[in-house]
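Trainee: Could you walk me through this model before I start on my own notes?
Mentor: Gladly; have a look at it first.

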Amino acid sequence: MNGPQDLGGQMGFGPVAPEVDEPYFHAAWEKRALGVTLCAGAMGAWNIDESRHARESLHPAEYYASSYYEIWIKALEVLLKRHGFVSERDLKAGTAVDPAATPKRVLKAENVRGVLAKGGPCDRPVAQPARFKAGDPVRTKNFNPTGHTRLPRYARGKHGTIEAVRDGFVFPDSNAHGRGENPQWVYTVVFEGSEIWGEGADPTLAVSIDAWESYLEPA
């Protein structure tokens, strides 16, 4: 989707100003926001792609006015309501008011370290061989989906070169919407700066993205 999170190449937002020695958390509530989000995800009602889409689907005015972890919490509210774990009345009351769905599993404190260490691998075998190889010229498809996608808006309809064939990975565009993992080959694609930014771009710059196979076609 062309959501508020897809800022690449857009103007008017000012320079990127990285914070020197930026801490992991700027306030205690941010640490709690991360913990609550991870524990809620461990209930097994949604996957990482659905959670990303929930963040992307926030209204642009709300998204841009929110800090990083405020976005996480607002999206978590959407997910919890969608899957029946909380109601609007619960949120307004600040406590459980209505009956709630039963989670598939509950992450207990003594298991947190092991679960986080295990991670959530999303590499999967793909039945068919890779369509492209390193060095192949390709063009990204130019589409504007209403659902989740990992192809950035600035890189659509652009000519690039396959730099590397990675592996098979869960296809987020379908996985975010409950339509299966449908794994595909993923490639690193490199674009010249002028292809992305056009006339006047710095000739020494290049941009690379990781792209699922269905995003690409032979150039």
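Mentor: A term to begin with: a nonpolar core is a set of buried Ala, Val, Leu, Ile, Met, Phe, Trp, Tyr and Cys residues joined through side-chain atoms within 4.5 Å, where buried means under 20% relative accessible area, exposed over 50% and partly exposed in between, with a 1.4 Å probe and protein chains only. This is a predicted model, in which local features need pLDDT of at least 70 and side-chain atom pairs count only at pLDDT 80 or more, while totals for chains, interfaces and linings use all residues. Residues are numbered from 1 along each chain as its sequence is written, and side-chain values use heavy atoms, with hydrogens and water left out.

Trainee: Which residues touch the most other members of the largest nonpolar core?
Mentor: Ile162, Tyr187, Val189, Ile209, Tyr215 and Leu216 do, in a core of 19 residues. S3 gives the most, with 5 residues.

Trainee: And what other core lies apart from it?
Mentor: One of 9 residues, among them Met43, Ala75, Leu79 and Leu80.

Trainee: Switching to helix H1, which of its residues are buried?
Mentor: Glu30, Ala33, Thr37 and Ala40 are the buried residues of H1. They cover an arc of only 95 degrees around the axis, which puts them on the same side of H1; the arc is that of the directions from the helix axis to the C-beta atoms. The face turned away from that buried side carries the exposed residues Ala28, Lys31 and Arg32.

Trainee: What covers the buried ones?
Mentor: The cover includes helix H2 (48–56) and helix H4 (68–82), judged by contact, meaning heavy atoms within 4.5 Å.

Trainee: How many aromatic pairs are there?
Mentor: The structure holds 11, a pair being rings of Phe, Tyr and Trp (its six-membered ring) with centres within 6.5 Å, and planes under 30 degrees apart count as stacked, over 60 as edge-to-face and the rest as tilted. Tyr68 and Tyr69 have ring centres 4.9 Å apart and planes at 85 degrees, so that pair is edge-to-face.

Trainee: Is Tyr68 buried or exposed?
Mentor: Tyr68 is exposed, at 53% relative accessible area, whereas Tyr69 is buried, at 10%.

Conventions: Helices (H or I, at least four residues) and strands (E, at least two) are DSSP runs, numbered from the N terminus.
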